[in-house]
Amino acid sequence: MSNEQFHPVNFNDKHIYEKLSDEVIFPELDKQTINSYNFYLPLDTLISNSQTSRRPKKLRNKTPRPQNAWILYRKDRLARDAKVYRGWKACDISKDLGERWKNEDEITIEAFNALAKLAKHRHGIVNEGYKYIPLKKR
């Protein structure tokens, strides 16, 4: 664990947190909560949607939903423990990380919940006018 690279949070980074000065949208308490956790990935990478997709071709142009706390946790932990999970199936990784998520301390869960709020806010800025419309059942 001593050679792990953690990334400090910089809320003054304008290209990541543009329009984030509104305290109603993202209060100071959430900023402090995020600062209390050592994320493995840089926040810009963590809250940005993936550039690759496993979606069917007809859905690739559809805007993805904002990432929730669990997805952000999975992304960060998978990057941190990439060597451990080498050769594992994605479903087995998710099961293992799901068990870890259930046993995480409250500080970690609060940090990822606050980060999910930030990701949702940024998603709204990047995808202005986005509205979730679920696919109709067949």
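# Contacts, rings and a pocket

Q: Leaving aside its neighbours within four places in sequence, which residues is Thr-108 in contact with?
A: This is a predicted model, in which local features need pLDDT of at least 70 and side-chain atom pairs count only at pLDDT 80 or more, while totals for chains, interfaces and linings use all residues. Residues are numbered from 1 along each chain as its sequence is written, and side-chain values use heavy atoms, with hydrogens and water left out. Contact means heavy atoms within 4.5 Å. With neighbours within four places in sequence set aside, the contacts of Thr-108 are Tyr-37 and Tyr-73.

Q: Is Thr-108 buried or exposed?
A: Thr-108 is found in helix H5. The relative accessible area of Thr-108 is 5%, so the residue is buried.

Q: How many helices does the chain have?
A: Helices (H or I, at least four residues) and strands (E, at least two) are DSSP runs, numbered from the N terminus. The chain has zero strands, and from the N terminus on its elements run α-α-α-α-α. The number of helices is five.

Q: Why is the pair of Tyr-37 and Phe-112 called edge-to-face?
A: Rings of Phe, Tyr and Trp (its six-membered ring) pair if their centres lie within 6.5 Å; planes under 30 degrees apart count as stacked, over 60 as edge-to-face and the rest as tilted. The structure holds eight aromatic pairs. In the pair of Tyr-37 and Phe-112 the ring centres are 5.1 Å apart, and the pair is edge-to-face because the planes are at 65 degrees.

Q: How many residues apart in sequence are the parts that the pair of Tyr-37 and Phe-112 ties together?
A: Phe-112 has 0% relative accessibility and therefore counts as buried; Tyr-37 counts as buried too, at 11%. Tyr-37 lies in the loop between H1 and H2, and Phe-112 lies in helix H5 (residues 106-126), so the separation in sequence of the parts tied together is 75 residues.

Q: What angle lies between the planes of Trp-70 and Tyr-73?
A: Both residues lie in helix H3 (residues 69-80), three residues apart, about one turn of the helix. Tyr-73 is buried, with a relative accessible area of 0%, whereas Trp-70 is partly exposed, at 24%. Their aromatic pair is tilted, with 6.3 Å centre to centre and a plane angle of 35 degrees.

Q: What distance separates the C-alpha atoms of Leu-41 and Ala-79?
A: Leu-41 lies in the loop between helix H1 (28-35) and helix H2 (43-47). This residue is buried, because its relative accessible area is 16%. Leu-41 and Ala-79 are 38 residues apart along the chain, and their C-alpha atoms are separated by 7.2 Å.

Q: Which element gives the most to the lining of the largest pocket?
A: The largest pocket is lined by 34 residues, and among those nearest its centre are Asn-49 and Ser-50. The elements that give two or more residues to this lining are H3, helix H4 (90-102) and H5. On a 1 Å grid over the protein atoms alone, a pocket is an open set of points where a 1.4 Å probe fits, with protein on both sides within 12 Å along at least five of seven lines; lining residues have an atom within 4 Å of a point. With five residues, the element that gives the most is H3.

Notes:
Buried means under 20% relative accessible area, exposed over 50%, partly exposed in between (1.4 Å probe, protein chains only).
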